[in-house]
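Hi,

Here is the structure I said I would pass on. Have a look at it, and then read on for what turned up.

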Amino acid sequence: MSRNLVELREVTMRFGGVTAIENLNMALPERGIAGLIGPNGAGKTTVFNVITGFYKPTEGHVRFKDRDITGLKTHEICSLGLARTFQNIRLFYNETALENVMIGRHVRRTHRWWETVLGLSGARQEERDIRAKAEQLLDRIGLSAYSGEKASSLPYGAQRRLEIARALATEPEFLLLDEPAAGMNPQESLELMNFIRQIRDEFDLTILLIEHDMKVVMGVCEHIWVLEYGKLIAEGDAAAIRSNPRVIEAYLGEDVNNAAD
Amino acid sequence: MTLELFLQHFFNALTLGSLYGLIAIGYTMVYGILRLINFAHGDILMLGAYFVFYGTTLFCLPWPVAVVVAILGSALLGVLMDKIAYRPLRSAPRISALISAIAVSFFLESLAVVVFTGLPRPVHQPEWLVSIITIGGARLMPLTLLVPGVTAVLVAALLYVVYHTKPGLAMQAISKDIETTRMLGVSVDKIIALTFAIGSALAAASGIMWALRYPQINPYMGVFPGFKAFIAAVFGGIGSIQGAVVGGLILGFIEIMTVAFFPELSGYRDAFAFILLVVVLLVKPTGLFGEKQEEKI
Amino acid sequence: MNAKPAFNKRDAALTALALAVLYLFLWWADGSMAGALSWSFLPSPLNGYEIQILNLVAVYGILAISLNIIYGFTGMFSLGHAGFMAIGAYVSALCVLSPEQKEIMWIIDEILPPLAALHTPFWFSVILGGVVATIFALFIGIPVLRLGGDYLGIATLGFSEIIRVLIVNATPITNGSLGIKGIPCYTDLFTSFTWLIIVIFCTVRLLNSNFGNVLKAVRDDEIAAQVMGINVFHAKLFSFCLGAFLAGAGGALLGNLLTTIDPKMFTFLLTYNILMIVVAGGLGSITGSIIGSVIITVLLEWLRVVEEPLDLGFIHIPGIPGMRMVVFSVCLLIIILYRREGIMGMREITWNSIGRWFSSLGQSKEDKA
């Protein structure tokens with residue numbers, strides 16, 4: 001059994017009187033692919049926002065690589081090796097695809113800004129490396145054709161993949177994907193599943209994804225948590241979730257069983 | 001400090017605060033609905049004062065007629081301003097509309113310089129407004145009481161319109177969610193125009209009283225009262241009419257009382273409001289009566 | 001937008017050539033230099049007034065770039081530029097004036113002794129002006145940069161007004177509302193354009209690097225920028241301070257160009273002029289800022305015509321004082337209403353884009369033939 005890369009310990013998140021997450025415990029083993037599902041408004045994205053430091057949990061702790069990261073700033077958490085995508089894509093729309101990925105490299109940069117202004121050779125080399133690495137990543141994701149295009153002009157599917165490329169550029173160990181299959185047809189979803197497995201192996205990632213497409217969740221996730229009204233109602237592997245009566249009740253039985261075939 | 005002197009300062013502060021409050025209402029209503037700082041609001045105040053000045057001197061109108069004409073003229077100007085400079089930018093980034101507002105402000109100021117010349121003009125104060133009366137030992141001008149009185153009446157009328165009439169309810173609805181309100185069949189543009197009309201009318205009213213109280217007008221007279229009233233609106237909680245009035249009053253008291261108790265600070269008087277602004281924005285950006293808004297991630 | 005790999009021999013050669021042409025032009029234009037090496041066969045047609053306009057173009061260029069870094073590239077709507085410029089101008093004036101001049105000029109209050117003795121070279125005073133402006137920017141930036149959008153604009157505007165109030169009241173340092181006169185006119189064509197070129201060179205290098213991308217990321221989407229590991233607050237503070245530094249330096253150059261400064265000069269109107277240049281040129285475009293400063297400065301001067309009486313012999317049109325600003329605000333309104341992205345938008349003119357333009361020109365001629 002590998003160690004747990006990420007742990008949520010008794011995390012509770014309240015907004016005023018509303019409890020968005022209640023006493024949530026999660027543990028993600030290293031190099032696993034896990035899923036977080038639940039009906040709309042169950043608090044899935046809130047979990048992401050707690051892990052990535054946008055919200056400080058009202059109670060409980062988040063641990064990452066055996067370190068308590070509760071209360072750290074989002075950018076600090078990123079530099080520890082954690083990256084995410086957004087449900088509604090958030091690219092830097094005025095920048096080119098390449099620049100979007102280059103921005104992801106910033107967090108790993110070692111030279112200071114004035115060294116760039118003065119044109120010191122180390123800083124110039126680093127600039128070239130950033131660009132080269134970004135081009136390499138774009139190529140790997142299959143977007144090099146769009147390299148010089150503005151992010152806003154990319155087709156929808158390419159924007160989703162660019163967001164993942166940008167996240168990978170920060171060299172994460174843990175990647176959170178918020179509805180990566182949204183708006184995709186079955187063929188594209190299938191490709192996405194392969195893609196997720198590939199990047200896990202290639203970049204040594206641990207992946208947690210939120211997804212409504214049960215085919216994707218059941219097909220790719222080794223472990224699944226089910227949230228309803230901010231509470232964990234079930235967890236386990238695909239088979240266990242599919243047969244769990246509370247999950248079937250929460251989903252009215254439809255999606256979960258349709259995904260069985 | 002003697003009680004009389006204190007009372008005099010008190011009424012001065014009340015007058016200044018009421019004027020700030022009255023101007024602040026225009027900012028707060030427009031901001032509440034459009035999220036736009038109407039930079040030109042202070043210039044409407046200036047124009048209102050000029051309208052009365054020219055109405056009474058050049059066209060020899062009697063005072064009450066001149067005041068009504070000036071207020072109606074300013075309201076019309078507010079509506080025009082919205083139609084020409086702001087409405088085309090409704091779907092543009094918010095800052096574009098703000099730059100447009102800055103341009104309108106400079107346009108009105110420089111136009112006033114061209115039309116009225118840049119020279120400050122003295123304003124004739126009617127005798128009955130400035131003959132000293134004594135109340136409880138304090139020597140006051142009736143004007144000092146008139147300004148808070150008029151303000152109270154105007155604010156009461158406005159609150160009635162906003163909370164008890166259909167257009168008022170539409171205004172509230174728009175400030176909550178403009179798109180939904182549009183879909184419910186409210187003609188949003190008309191309501192926004194009405195908002196500008198009301199705000200500008202109040203600005204003109206305060207401009208006229210300002211000119212009477214500090215009897216001089218010039219094309220830039222609206223700039224500082226405008227900034228400060230905006231700060232009062234932020235302090236009170238932008239979007240809230242009651243907040244704007246309270247904010248204005250508090251700012252008036254801060255300015256007058258600080259200088260009254262620490263005369264050596266009088267040179268810094270214009271800086272108080274801006275310091276207050278920075279403090280408010282840091283401590284409680286939503287102001288006294290404001291509501292919090294968060295971006296969804 | 002065109003961030004090509006840094007050094008390209010052709011571009012470097014072309015840039016050097018352009019610089020040589022520019023300096024040759026400045027040499028010719030600057031009449032005072034003509035005495036040394038006579039250009040008598042081609043005397044400069046420019047009078048002092050026209051040279052002054054050229055100087056203003058360069059100084060406004062620096063100021064426009066500095067506001068563009070803050071607003072156009074990082075997306076912070078700051079209206080405090082006049083404040084930073086005032087700081088730079090006063091610091092520089094205090095540095096370059098001789099102790100004797102200062103003693104005569106400060107009549108309300110005696111000048112503070114350490115300042116009275118201060119006497120530095122001009123270049124140093126410009127940098128010091130920028131540094132002091134940056135220090136102020138740090139103090140104002142740390143609290144207010146957490147604010148977004150228009151609130152930031154109002155807070156920075158308030159800050160610049162506070163600076164003005166301070167200048168009026170701090171008579172032992174600033175000579176109060178009397179201002180400072182007789183500042184040596186150090187800003188000649190060579191100085192102003194050399195500063196402009198240094199500023200362009202450094203900012204373009206910075207903005208074309210990944211640091212530039214980071215600033216743009218903050219402008220486009222702060223939340224996504226945070227997730228990318230960008231310390232958004234640092235990035236904003238950095239950009240704000242850099243802009244303030246350049247604004248302070250620009251203010252110092254302006255003070256030494258006009259030779260007289262007083263608190264009335266640094267009102268919101270000055271910020272407005274700079275904002276106008278940036279918006280007209282294009283938010284997020286350095287070449288746009290340069291083009292904007294040329295057009296707006298020339299336009300502002302040219303529009304003086306409408307304020308002067310016009311005598312057409314049979315008809316006499318009296319001058320209309322203040323008309324200039326009316327025309328001017330209408331121009332800004334038209335730009336913001338009908339061409340919000342300004343002249344350049346976010347594009348830049350690079351040697352590549354000029355090359356493409358020429359080749360497309362050639363092609364279309366071939367097509368016709």
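A quick definition before we start: the domain bounds used here come from an automatic or database domain assignment. Please also keep in mind that this is a predicted model.

With that in place, chain A is divided into domain 1 (1–81 + 172–261) and domain 2 (91–169). How far apart do the C-alpha centres of these two domains of chain A lie? The answer is 27 Å. As for how they meet, ten residues of domain 1 of chain A are in contact with six residues of domain 2 of chain A. On the domain 1 side, two elements of chain A give two or more residues each: α2 (74–81) and α7 (186–203).

On to chain B. You will find twelve helices and four strands in it. The C-alpha trace of chain B spans about 60 × 50 × 35 Å along its principal axes. Its radius of gyration is 19 Å, which agrees with the value near 19 Å for a compact globule of 297 residues. Of those 297 residues in chain B, 48% are buried. If you take the contacts in chain B with a separation of 6 or more, 75% of them are between residues 24 or more positions apart.

Chain C has 17 helices and two strands. Its C-alpha atoms fill a box of roughly 75 × 65 × 45 Å, again taken along the principal axes. For 369 residues, a compact globule would have a radius of gyration near 21 Å, and the 22 Å of chain C agrees with that. Buried residues come to 47% of the 369 in chain C. Among contacts in chain C with a separation of 6 or more, residues 24 or more positions apart account for 80%.

One helix of chain C to pick out is α8 (residues 149–169). Its 21 residues reach 31 Å from the first C-alpha to the last, close to the 30 Å expected at 1.5 Å a residue. Is α8(C) mostly covered or mostly uncovered? It is mostly covered, with 15 of its 21 residues buried.

Now for where chains B and C meet. Here 31 residues of chain B are in contact with 31 residues of chain C. On the chain B side, α4 (94–116) and α12 (269–283) each supply at least two residues. The largest share of that side, 15 residues, comes from α4(B). By class, the side of chain B that touches chain C has 24 nonpolar residues, five polar and two charged.

Last, the nonpolar core. The largest one has 276 residues, and the members that touch the most others are A49(B), L277(B) and I62(C). Which helix gives the most to this core? That is α9 (residues 188–213) of chain B, with 15 residues. Domain 1 and domain 2 of chain A each give at least three residues to this core as well. If you want to look around I62(C), leave aside its neighbours within four places in sequence, and you will see contacts with W195(C), L196(C), V199(C), L246(C), A249(C), G250(C) and L253(C).

Over to you, and happy browsing!

Definitions and conventions
Residues numbered from 1 in each chain as written. Chains lettered and ligands numbered in written order. Predicted model: local features only at pLDDT ≥ 70, side-chain atom pairs only at ≥ 80, totals over all residues. Expected span 1.5 Å × (residues − 1). Buried ≥ 20, exposed ≤ 12 C-beta atoms within 10 Å, placed from the backbone. Contact = placed C-beta atoms within 7 Å. Nonpolar A, V, L, I, M, F, W, Y, C, P; charged D, E, K, R; others polar. Rg over C-alpha atoms; globule rule 2.2 N^0.38 Å. Core = buried A, V, L, I, M, F, W, Y, C linked by C-beta atoms within 7 Å.
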